[in-house]
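Trainee: I would like to learn how to read aromatic pairs in a model. Please start with the terms.

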Amino acid sequence: MILLHLLYTLRSLNDDEEFTDILEERRRNTDLGYALRTFNPQPYKGAPSCSTSDLNKAVLESQYLRYIAKEIALETGSSVEKVRQEARGILEEMSHNLQLGFIRLMAYTFNKVFKRLFRSIYVNMEGLNMLQQAIQESPVILMPNHRSYVDFLIVSFVLFTYDIPIPVIAAGIPLASMKVVGEILRRSGAFFIRRAIGSDKLYWAVLSEYVRTIVRTGCAPLEFYVEGFRSRTLKSVVPKLGMMDMVLEPYFKGEVFDITLVPISISYDRVVEESLLALELLGVPKPKESTTGLFKASRVLQEDYGCMHVNFGRPLSVRQLCEGKINRSEYNLIPRDLPQRPSTEIQDCVNWLAHLIVRTQEEGALISPWSLMACLLLQAPITTLTEEGLQWHGLTEKTLWLRKLVLDFRGRLNWPDSDVMSSTVALHHSIVHHKAGRVYLVQDGNPASQDPLSPEEKVMRTAAAVLMLVSYRNQALHVFVRPGILATAIHITKSTQKDELFSFFCFLRDVFSSEFIFIPGRASQDFDEACSLLQKCGAVYISQQEVTVLETGLEVLSFLQKLLQPFLESYQLIFRYLCENGAHVFTEKQFLPAVRNLATKLILSGDLHTFEVLSSDTQKNVLSALRRLEAVTKLRASQQNEYKVNKAAVRRTGDILCKIICDIPVKIKLLFCVRLENFDLFLPCCL
């Protein structure tokens, strides 16, 4: 209940905040004048002056790295000096070289670019003021969500504007290889991390000591993405714990009194990479980061991307959050400079904090009218969107209804004016167009070739447009997920008993833990929140033992069930593939195209209408869910991401999901259900 109260408090505090357009003043002044303005930040009061060379020297000469170097030398038969030389090379590849002159160069460049890309960049001043105060009191970790490459630039741009110390930022190593640009980023505060570290003991040691030294000294705020990488679906990604563990360890070991975590929610009206993200999900290789590619991408400057909101959340004290959760005395048993494996209690705490941050990012995000329209457009048949068109009047009426529902569910809306729906459809002209009172899905032709498209190519082109629409729907999903799962549980169980509904709610919550963000150990609070929200909007009546559906709530419950239906159908189809496929061991490289081919055939035959199953992220999330449910096991000795499937366990989960999807074509249900072990029990639910 304390955590629930914290989230609601943060939400209510943010609801009344005012956002300031920081581009308004930039448009009135010169770019050069902005870049050369006086920059006078107030750093952490206990931080010593620390140059890049001082930082690197402290890392290389630390007792921890000396100890690891000796261990590796003994294990490999190499000399300690050779290992230390290798560590020095890793550090040179990795480390930032923050210089004010390059910060000014980036400020000049960003100012020009952002004024071209965006109409406005809104920032909450109250959050910035709290951040400025927090930076002076303890080491600060800035934790933005990650939806676009622009995320990497915007936080430093805002902090430079308001005289707040520039952060050092964890970035992927491919950015370092970009000619000229890589060096500019390094001198603007970026430090670069390899994507595939694996079991490289020395690399892990150098990276962790580098990060811990930055946190211990407080020489600069540290910024990293707890999700690990850019979300290609614009939906929150389950957090990665490696960097989170590194930044928190100085507190666990008592090397700092406290650490402040600052969640940052970045929301876009329109994302610069929207089409590239959809193509990546369909298996098109991601373009390699390069300076040439950056210049080729300059055509995006000709497009309008609407507004951006950067919401700096309330600073969170690690000391307060961990109070009563962990026992730090275990770190007193051995010297701080020696490596120590964290206890299960510490690991659970890190995992809890990481999920809390991502959930808080979701709470701070602003939902655009386009996200609500995308939710509704995706509930229409694909033939309606591509051929007949959806009635504009009906869409706008339903969007206004959905707007009220979002407010009832305590979501945060970006709703600037009365003509917002017409302007938002015009902004997203690459996905839909409004013509003669109807809205149509945009489907590109084949301009590069005069040859007719094959049926499979047509499916992929439609899928690219649908997945772009899906990505914007995903930005609103966090508001609807918990009541949506309860609505699905009500629909499936046909029960009014709270305990039965809670059991089924927990099952779906567990299955979809790779799709949506659920804070560990909070199932009962999530259920209570779902009950409260459905009661608030008049969909159900909650008594001590029962959840009773009200006639006035049927529209809400139907909308929520349809919102989750694509996920249910996608999971069931993939379960079916795993049960029917003869092999018990498969690689991820085989699995992804095979599922995509099966789904494409079913879409062409008219037996499947869910394009989301074509997404590689959905397919990987199903694997993660099955691994968590111990129905699929990843083979540790494998070099190719090999998995072993327990078909009986997959069938057991499929048995339950088979009950859920009552509206999918009978053909698909039969294809799956006739292979179930408990045929007599589950056949009636499919017919």
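Predicted model: local features only at pLDDT ≥ 70, side-chain atom pairs only at ≥ 80, totals over all residues.

Trainee: Is Phe575 buried or exposed?

Mentor: Phe575 has a relative accessible area of 1%, so Phe575 is buried. Tyr571 is buried as well, at 0%.

Trainee: How is a pair of aromatic rings described?

Mentor: By two values, the distance of the centres and the angle of the planes. Planes over 60 degrees apart count as edge-to-face. By the pairing rule, the count here is 24 aromatic pairs. One of them joins Phe505 and Phe527: the ring centres are 5.4 Å apart and the planes stand at 75°, so this pair is edge-to-face.

Trainee: Where in the chain do Phe505 and Phe527 lie?

Mentor: Phe505 is in helix α23 (residues 498–511) and Phe527 is in helix α24 (residues 523–536). They are 22 residues apart, and the pair links distant parts of the chain. Phe505 is buried at 0% relative accessible area, and Phe527 is buried at 4%.

Trainee: What kind of pair do Tyr571 and Phe575 form?

Mentor: An edge-to-face pair, with 6.2 Å from centre to centre and 75° between the planes. Both residues belong to helix α25 (residues 554–580), four residues apart, which is about one turn of the helix.

Trainee: Which residues do ring pairs link into a cluster?

Mentor: The cluster consists of Tyr34, Phe39, Phe110, Phe114, Phe118, Phe157, Phe160 and Tyr268.

Trainee: Which residue lies over the face of Trp352?

Mentor: Lys325 does, at 4.2 Å from the ring centre. Lys398 lies over the face of Trp401, at 4.4 Å from the ring centre.

Conventions: Residues numbered from 1 in each chain as written. Heavy atoms only, no water. Phe/Tyr/Trp six-rings, centres within 6.5 Å; stacked < 30°, edge-to-face > 60°. Helix = DSSP H or I, 4+ residues; strand = E, 2+ residues; numbered from the N terminus. Buried < 20%, exposed > 50% of the residue type's maximum accessible area, 1.4 Å probe, protein only. Lys NZ or Arg CZ within 6 Å of the ring centre and 35° of its normal.
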